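Let's take a friendly look at a few side chains and the partners they meet. Please keep the picture at hand while you read.

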Amino acid sequence: MSNTLICNKTHTNKCEGAVNWWCRPSDNKSFPKCSTHHREAVTEFERVNRTYGVTSDVAPSWIDPTYCGEVW
């Protein structure tokens, strides 16, 4: 059994750099990522978090709960 981590995006053939665990802040799930895909994951998570506030206890200002009976 090998302890070598393999990036979970190897199918893209664009992996570069060392592979380490990336812990997604919204649910603390971890994924092995090379340096390139780690950078992409962090950038995308920050974009999603700015847009939707996935780590916030407060709904974004543009949420209208009357649309679908949604609650935050």
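What follows is a short tour of one histidine and then of the salt bridges in this predicted model.

**A histidine in a helix**

Start with His37, which you can find in helix H1, a stretch covering residues 35–52. Is His37 buried or exposed? With a relative accessible area of 6%, His37 is buried, because buried means under 20%.

Which residues does His37 touch, once its neighbours within four places in sequence are set aside? They are Cys7, Lys9, Thr12, Lys14 and Cys15. For Thr12 there is a further detail: its side chain and that of His37 are joined by a polar contact of 3.3 Å.

**Pairs of opposite charge**

Side chains of opposite charge can pair when their charged atoms come close.

| Salt bridge | Closest N and O atoms |
|---|---|
| Arg24 and Asp27 | 2.7 Å |
| Glu44 and Arg47 | 2.6 Å |

Take Arg24 and Asp27 to begin with. Arg24 has 25% relative accessibility and counts as partly exposed, and Asp27, at 34%, is partly exposed too.

Now move to helix H1, where both Glu44 and Arg47 lie. These two are 3 residues apart, which is about one turn of the helix. Glu44 is partly exposed, with a relative accessible area of 38%, and Arg47 also counts as partly exposed, at 36%.

Note on methods: Residues are numbered from 1 along each chain as its sequence is written. This is a predicted model: local features need pLDDT of at least 70, side-chain atom pairs count only at pLDDT 80 or more; totals for chains, interfaces and linings use all residues. Side-chain values use heavy atoms; hydrogens and water are left out. Helices (H or I, at least four residues) and strands (E, at least two) are DSSP runs, numbered from the N terminus. Buried means under 20% relative accessible area, exposed over 50%, partly exposed in between (1.4 Å probe, protein chains only). A polar contact is a pair of N or O atoms within 3.5 Å; within protein, one must be able to donate a hydrogen and the other to accept it, and residues adjacent in sequence count only if both atoms are side-chain atoms. Contact means heavy atoms within 4.5 Å. A salt bridge is a side-chain nitrogen of Lys or Arg within 4 Å of a carboxyl oxygen of Asp or Glu.
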